[in-house]
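User: I'd like to go through this structure with you, starting with what surrounds the ligands. Could you take me through it step by step?

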Amino acid sequence: MSDELLRVDGLHVSYGRVRAVRDVSFTAPRGELISLVGANGAGKSSVLGAVSGLVRPKSGTVHYDGANITRWPAHRRVAAGMVLVPEGRQILTTLTVAENLLLGGWRRRRAAATIAEMYELFPVLAQRRDLSAGTLSGGEQQMLAIARAMVAQPRVLLMDEPSMGLSPKLVDEVFRVIETIRATGVTIVLVEQNARRALRAADTGYVLETGVVSHSGPAPRLLADRRVVDAYLGG
Ligand SMILES: Nc1ncnc2c1ncn2[C@@H]1O[C@H](COP(=O)(O)OP(=O)(O)O)[C@@H](O)[C@H]1O
Ligand SMILES: [Mg+2]
């Protein structure tokens, strides 16, 4: 058994003539947190789209747990434990909090038990379980999006900008939750514009610049790298 749960090799994603992702490769070792950081438009969501099966790559491969899953449909990847927390939450605002969580657990055994665990991890969701999700604050909606993904019992969690649009206090809370999830052994691929914050949480980091990996390595090394700091971390 390889210690890599996820491996992406030579990924290219294009939208018509827009070459969004060019020759991107990375690995996510089991139980680790890796982060893809980069500015708006760098190609981060396109990478996660290709990994989760929502975007068809032009070329390149995705291996998961030793299998080449490049052509698997998205639902098969979810069934195998690869779950996306999409950019912008994408919760169903007219359904209740509880209904959103149930959707995360459809076809999962022990879904009720996992939902109960999520209410413990996110007491605010327990308090609001019968309210429509649209009444939640932005921070609460992000917690719901993360909790819903956890109800799907991921082995690898793909998180697309979970801290986007949140106040500093809520950003802290989101990163605490990410640490808690990581401590349970879930492998995490964290995509963030908040590069400094994401790299502090990560084992390994990849800097994406207009579709290309410009820097990569152990996250502490990137945080100490003058070129990375000057170009991406605001001095
Ligand atoms: N559906 C799409 N159609 C056309 N261009 C797209 C589409 N999605 C993303 N792009 C373009 O691809 C590039 C990468 O976008 P994206 O992956 O969303 O970057 P990020 O998530 O880092 O902000 C950008 O130039 C963006 O405008
Ligand atoms: Mg994005």
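Analyst: Before we count anything, helices and strands here are DSSP runs numbered from the N terminus, a helix having at least four residues and a strand at least two. Please also keep in mind that this is a predicted model.

User: Fine. Which element gives the most to the shell around ligand 1?

Analyst: That is helix H1, which contributes three residues to the shell.

User: And which residues are around ligand 1?

Analyst: The residues around ligand 1 are Tyr15, Val18 and Ala20, then the run Ala39, Asn40, Gly41, Ala42 and Gly43, and finally Lys44, Ser45 and Ser46. Sorted by class, that shell holds five nonpolar residues, five polar ones and one charged one.

User: How much of ligand 1 does the protein bury?

Analyst: Ligand 1 taken alone exposes 560 Å², and the protein buries 60% of that area. The elements that supply two or more residues to its shell are strand E2 (18-29) and helix H1 (44-52).

User: Now the metal. What coordinates the magnesium ion?

Analyst: The magnesium ion, which is ligand 2, is coordinated by OG of Ser45 and OE of Glu87, at 2.1 to 2.3 Å. Ser45 belongs to helix H1, whereas Glu87 sits in the loop between strand E6 (82-85) and helix H3 (97-104), so the pair ties together parts that are 42 residues apart in sequence.

User: Switching topic to helix H4: which of its residues are buried?

Analyst: In helix H4, which covers residues 111-121, the buried residues are Ala111, Thr114, Ile115, Met118 and Tyr119. Looking down the helix axis, these buried residues fall within an arc of 145°, so they line one face of H4.

User: What does the face turned away from that buried side carry?

Analyst: That face of H4 carries the exposed residues Ala112 and Glu120.

User: Something else: which residues have a positive phi without being glycine?

Analyst: Asp65 is one of them, with a phi of about 50°, and Gln153 is another, with a phi near 55°. Asp65 lies in the loop between strand E4 (59-64) and strand E5 (67-68), while Gln153 is found in the loop between helix H6 (138-151) and strand E7 (156-160).

User: How accessible are they?

Analyst: Asp65 counts as partly exposed because its relative accessibility is 33%, and Gln153 is partly exposed with a relative accessible area of 26%.

User: Last one, Thr187: where is it, and what does its side chain lie 2.8 Å from?

Analyst: Thr187 is found in strand E8, residues 187-192, and a polar atom of its side chain lies 2.8 Å from the backbone nitrogen of Gly31. With a relative accessible area of 1%, Thr187 is buried, since buried means under 20%.

Definitions and conventions: Residues numbered from 1 in each chain as written. Chains lettered and ligands numbered in written order. Predicted model: local features only at pLDDT ≥ 70, side-chain atom pairs only at ≥ 80, totals over all residues. Heavy atoms only, no water. Buried < 20%, exposed > 50% of the residue type's maximum accessible area, 1.4 Å probe, protein only. Near = heavy atom within 4 Å. Areas by Shrake-Rupley, 256 points an atom, 1.4 Å probe, with all protein chains shown as cover. Nonpolar A, V, L, I, M, F, W, Y, C, P; charged D, E, K, R; others polar. Donors = N, O, S within 2.8 Å, 3.2 Å for Na, K, Ca; no water. Arc of directions from axis to C-beta. Polar contact = N/O pair within 3.5 Å; in protein donor to acceptor, adjacent residues only side chain to side chain.
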